[in-house]
Structure formats: C-alpha cells, structure tokens
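Please look through the structure shown below before reading on. The numbered points that follow are meant to be checked against it.

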Amino acid sequence: MPEASEWSVVETPEQPVDETESSNSEQNGKLGADEAAAAGSPPARSWTPLVEQIRAGNSEAMTELYRTFSRGIRYYLCRQLGSQDLEDKLHDTFLIVVQAIQRDELRDPEKLMGFVRTVVRRQVAAYIDDAVHTRRDFTDLEVGGRVPDIRGNPEQRAMVDEKAEIMTKVLGGISRRDREILTRFYLYEQTQEQICEEMALTETQFRLLKSRAKARFGEMGKRKLERGRILLRKV
Amino acid sequence: MTNNYSHCLTDTQLEDYAFGRVSPEAVADVEEHLLVCSDCQDRLQAEEEYIAAFRVAARTAQRPVQWYKPLAAAACLVMAVGLWLPFSSTKVDSVDLRAERGGVLAPAATAVAGHKLELRVDLAGLESRNTARLQIVNATGAPLAETRLDGTSVAPMWTLNRKLGAGTYWVRAYDSGGKQLREFKLDVE
Ligand SMILES: [Zn+2]
C-alpha cells in the first residue's frame, strides 16, 4: 500500500541541507530527565576529524563514514520505503552525504548525525513523491492503474504470518479482558492513559500485562524455533 | 552496544517511535541514535514485528467464524421477509486503513460492495498532527466523498454516507494546507 509517511514535515530535496535540524537535548531542553538520559546522548566521539578528512577526499574516511552509517541508513530507508532497490537507494543517499560534506554544506562537523538524518529524510520524501506521481500519471492514462508495491515482500509477509500464529496462541491463553486491553493498545493505538482510565487499570497492571504477553510470545517463539531445529536435524 | 554512544533508547521510547508518538522535539534525537546503534535498530525491528504480528492475530480473531455464516444468512432472510426490510441496507462494515511500518506489508484493506462502511484511518506516525481532511477517490482519481477532521485523533473513524460498488478506491488524508499526507488503498469486492 502506498503511503506518504511524514510527508508534510520533510523538506523538499532542493533546499540546502541544514545540520541545525539536528536536535540536541541540551539545546532544546524539552526532553524529560529519563528521556534526556536515554535518547540522543552527546556522542562520545568527535566527528570533526572524520568530516575534515572527507572534505579532503580521504577514501579511508569515506569507508569509515559508510561503516558507521550504512546500516542505520539502510534500516531507515527500508522501514520507510520497503526493500525494493534498497542498495541503490543507500548508495545514492551516501553519495549525497559525501558530496554535501565536500561542498562544505555541513557547517558544524559535530552535527554530522543530524546532517545525515536530514539527507536521508529528504531522500525518503523524494522517493515517495516519485512513487505517488508515477501512480497519478499512470491512472491518467489507464483506469485502474496501481502503484508499484514499495513496501514489504513475500518473505516479510511469511515471517509476520508465522509470528501471528504464535500470537494467536498467546492471545488464546489470556482472558477476554486482557485481550481487549492489548487490542486497544496494539491494534487501535489507544494510549496507556486512556486504556487505564477506561478499563480501571493502574499503570503497573498495564505494564505487567504487556510485558507478560511479550515474554510469553518470546518463549513460544523460541520453543517453535527449537522444534524446527530438531526437525531439521532429523531430516 | 556496537557504537560509541553511552545511552540506548528505552523500551517506551522505542514503542512510542514505532507508534509515531515521539514528539517532534524528541524525534531527531531518537532517529539520530537509531542511525548509528545497531542494537536499537534490532530492538525497534523486533517491536514492530511484534505489533504487526499482534495486528494480524487480532484481526483474524475478530473475523466471524465460517459456521456462523449460513445461520446469519438464514436470519437475514427471515428478517427481510418478515419485516419487508432489506437487512443488508443497515449493515455497517468496519474497515481498518492501515499505514505500514517496518517495511512489513499487511493484508490490503477490503470491503464488501453495497455495505455501509465505517473507515478507521491510521494517521499514527505522522509528525504533523494537523490532518484536516479525508477524501475518497475512485480508481480514476475522481473524488466521491470528503470529511473534515478534528486533527487530533491518530485513528479517526469515518462513516461513509454512500455505499461503494466493486472496484479499487483510494482514501487520502490531507493537512490544512491541502498537502497529501497519506494514501490508503481500499478494494471493494
Ligand atoms: Zn542504542
């Protein structure tokens, strides 16, 4: 299914990259204490030497940049766009990052992570834009035209089906009320506060139910995997 | 941990990110960490697979069981004959229009032709919560119906006043500036 996630908040690809989009816990002061401790902590390493070497055209520095970010970029692209042409998209994105650094568009090298994130998000927006326009052009020409499937593949679907089978067993083993609580949260995306209020639950009870279901799911999945291995050994 | 960052994301942060509930102020921190931390990437992937599995399982459980169908059909017939009312005209089907996450493709949204439809539209994950309008168009892009939203719900319900014939439809969500935020495919059979 085509879907333009975060469409409205990603800038157009033509705009110059601004590393100040990178948020910083110290600067924005908007994170709670727990979040500030956990999310986006200041890097233990300095990015300046790496950025300077890339500016100077050092190929080892480019390899290092690739090693540091490629998995994360690949993951983000795959999460947003699916696995189709993923390596090409990764390559294009990486190239844009390197070229932008070499054009001195990254003013503060310490904001490299925010800079990379901005480039990746713009790439995602551009790919989604392309996909939607391709579909519109197509429907103008032919009634009933369909968007190329940019998300998921048969392997991923099979994996989800397999896990859903385990989940069905987990859900079958809990009370109707507990099932409703989890369904409200995971399927209907109601917030913890809303569910606790409407179902007369404490926060602790809610968390406990969630973690028990998850633990049960994990155990059953592990058991299933082991059974599969035993069967494989027997074959 | 496989990088130089001392703090990984909490379970709550990962869950919030998977549901698109991280505030715009905090999302950059979370995504920057995810760019370089393979542990948190794995944890997020596991979380999203868990949510996807839950949804498939929960939806399967919600579907009516097969043996029930002949009884329901017989009941409809009795009512239609007895009351001179077409029972199907009051039937409302609930349809989930979901945005996919984690690169995992869920089953396409489908509905029955001629039934009254109640669409639950997945707007979770949009950083911009100012979704103002939903529109349904047919396969050629011609608008069929539209509704305004309050802009706060992550899964607003839209009861269509008109019934749809068989075909492919697209439900689009727009922000207040008229920019398209999301598009969902709906197959009516
Ligand atoms: Zn981490």
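1. The 4 donor atoms around the zinc ion subtend angles of 102 to 119°, and the arrangement is therefore tetrahedral. Four donors are called tetrahedral if all angles lie between 85 and 135 degrees. The ideal angle for four tetrahedral donors at a metal is 109.5 degrees. This is a predicted model: local features need pLDDT of at least 70 and side-chain atom pairs count only at pLDDT 80 or more, while totals for chains, interfaces and linings use all residues. Residues are numbered from 1 along each chain as its sequence is written, chains are lettered from A and ligands numbered from 1 in the order in which they are written, and side-chain values use heavy atoms, with hydrogens and water left out.

2. Which residues coordinate the zinc ion? They are B:Cys8 (SG), B:His33 (NE2), B:Cys37 (SG) and B:Cys40 (SG), at 2.1 to 2.3 Å. Donors are N, O and S atoms within 2.8 Å of the metal (3.2 Å for Na, K and Ca); water is not among the atoms, so sites may look incomplete. The spacing of the donor residues in sequence is C-x24-H-x3-C-x2-C. B:Cys8, in the segment before helix H1 (11–18) of chain B, and B:Cys37, in the loop between helix H2 (24–36) and helix H3 (38–62) of that chain, are 29 residues apart, and the pair links distant parts of the chain. Helices here are DSSP runs (H or I, at least four residues), as are strands (E, at least two), numbered from the N terminus.

3. B:Cys37 is buried, at a relative accessible area of 0%, whereas B:Cys8 is partly exposed at 25%. The cut-offs are under 20% relative accessible area for buried, over 50% for exposed, and partly exposed in between (1.4 Å probe, protein chains only).

4. The largest nonpolar core holds 73 residues, and A:Leu65, A:Phe69, A:Ile101, A:Leu112 and A:Met167 have the most contacts inside it. H3(B) gives the largest share of this core, 10 residues. Such a core is a set of buried Ala, Val, Leu, Ile, Met, Phe, Trp, Tyr and Cys residues joined through side-chain atoms within 4.5 Å. Leaving out residues up to four places away in sequence, A:Phe69 touches A:Trp47, A:Leu112, A:Met113, A:Val116, B:Leu35 and B:Val36; contact means heavy atoms within 4.5 Å.

5. B:Thr110 lies in strand S2 (residues 109–111) of chain B and is partly exposed at 41% relative accessibility. B:Val188 is 78 residues from B:Thr110 in sequence, yet their C-alpha atoms are 5.6 Å apart.

6. Over all chains, the whole structure has 18 salt bridges, each a side-chain nitrogen of Lys or Arg within 4 Å of a carboxyl oxygen of Asp or Glu. One of them joins A:Arg121 and B:Glu31 (3.2 Å, N to O). A:Arg121 lies in helix H6 (residues 112–141) of chain A and B:Glu31 in helix H2 of chain B, so this pair joins two chains. Both A:Arg121 and B:Glu31 are buried.

7. A:Glu64 and A:Arg67 also form a salt bridge, with the closest N and O atoms 2.7 Å apart. These residues are 3 apart in helix H4 (residues 59–81) of chain A, about one helical turn. A:Arg67 is exposed, with a relative accessible area of 58%.

How values were computed
Four donors count as tetrahedral if all angles lie between 85 and 135 degrees; four count as square planar and six as octahedral if opposite donors are over 155 degrees apart and all others between 65 and 115; anything else is irregular.
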